[in-house]
Amino acid sequence: MAAPRIAFVLGTRPEIIKLSPLIRACDDRDVPYVVVHTGQHYSDSLDTVFFEQLELPTPTHNLEVGSDDHGAQTAEMIRGIESILTETRPDHVIVHGDTNSALAGAIAASKLEPSLAHIEAGLRSFDRSMPEEINRVLADHVSNYRFAPTDESARLLAAEGIDDERVVVTGNTIVDAVSQHRDLATRKSTVLEDRDLESGEFYLLTAHRAENVDDPDRFTGILAGVGEFADRTDREVVYPIHPRARENLEELGRSVPDPIRLVPPLDFLDFLTLEDHARLAITDSGGVQEETCILGTPCLTVRDNTERPETIDIGANRLVGTDRTAIVEGAEAMVDRDGAWPNPFGDGTAADRILETLL
Ligand code: UD1
Ligand code: UDP
């Protein structure tokens, strides 16, 4: 078999979604590729459901590493990826974002022949206590190509001494993914009816980050603040809960405040529909900050920092941390905001631009 031009390394829900436009672009242009799935995410609701709904090919390889401590998990991925890259000899390896899967792909590829491309390069929270910040800094510094979503992320790379013709500002592939699926979601998703939700009359919550849900005080602060705001405004909150958060909640032995309705993680079309129709989104997710900004839904970020400052600058998002009162005040300030801000993440052609540069 001829060597593939590209090897995609991915392992988690956001990587599957944000790499889907690129995989599709390869199919459209008959570019041979392999998909190496690390197995970091393996539950159907975080993994298979997206391959099926986004009509992506089954990964060529699945390392099935599962969950573990950072070192053990990343090490097992590096070993598996190295062996696959040595065998398949692609021209380019593509990693995305800031997960342990992205770091493992970057480390393995950077010591082998293929060129390494990092997508979503140049994002910085400047918070080295977050594993994601370590992962994205390291991936950027060992890459040959860095595809930055915005001018600001290219500027941050330059500030770290990475300033050459292989830093390319492309926009974020999430704009491609949203524009490819928004209409489909409107036509196909029945989540509003199924969950008995009225457009503009509910809030959407996601919280899954280690620094929030592994810390009982922070997690409790988020639930209390969101619950209080929902009570005051007499609206319900839908919380599609990530397994990490669900496990921590069970360990805490607490129920969530009354207005918060827990539902299992949703597929992409249902989730996009909820983001589109929510009155306000409250989140610690990177992807949700971007998507709500693109869709014109106001967002409140329950973190102390964000690597998506563009969303704050244009008034689509506000940082409030995890203190109960700060969440209530922030939600009051954001809830009626008109979502007519410009989209800072590009025009939905990021995948084409990336592929054109590489090929
Ligand atoms: C990972 C990423 C995070 C990203 C998130 C996307 C890292 C360091 N973190 O966090 O940046 O925002 O994915 O969702 O890479 N679990 C399951 N089923 C699964 C996967 C995980 O039940 O398919 C549970 C396990 O109990 C596991 C826990 O979730 O221990 C955490 O999983 P892990 O992959 O370590 O990190 P995420 O929190 O998913
Ligand atoms: N998402 C989804 N179903 C859900 C929650 C999120 O399809 O129940 C999608 C969401 O649209 C976004 C991505 O998952 O594209 C964000 O992933 P996550 O919040 O897990 O990770 P992060 O972006 O914070 O790394």
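How far apart do the C-alpha centres of domain 1 and domain 2 lie? I looked this up first: they lie 26 Å apart.

**Ground rules.** I am working with a predicted model, where local features need pLDDT of at least 70, side-chain atom pairs count only at pLDDT 80 or more, and totals for chains, interfaces and linings use all residues. Residues are numbered from 1 along each chain as its sequence is written, chains are lettered from A and ligands numbered from 1 in the order in which they are written, and side-chain values use heavy atoms, with hydrogens and water left out.

**The two domains.** I find domain 1 at 6-169 and domain 2 at 191-334; these bounds come from an automatic or database domain assignment.

**Where they meet.** I see 21 residues of domain 1 in contact (heavy atoms within 4.5 Å) with 18 residues of domain 2. About 1600 Å² is buried between the domains, and carbon and sulfur atoms give 55% of that area. Buried area here is the accessible area (1.4 Å probe) that two parts lose on being put together, summed over both.

I also looked up salt bridges, meaning a side-chain nitrogen of Lys or Arg within 4 Å of a carboxyl oxygen of Asp or Glu. The rule finds 4 of them across this interface. Elsewhere in my notes, Arg308 forms a salt bridge with Glu120, with the closest N and O atoms 3.3 Å apart.

**Ligand 1.** Which residues come nearest to ligand 1? I list His41, Tyr42, Ser43, Glu132 and Arg244, out of 19 residues around it (a heavy atom within 4 Å).
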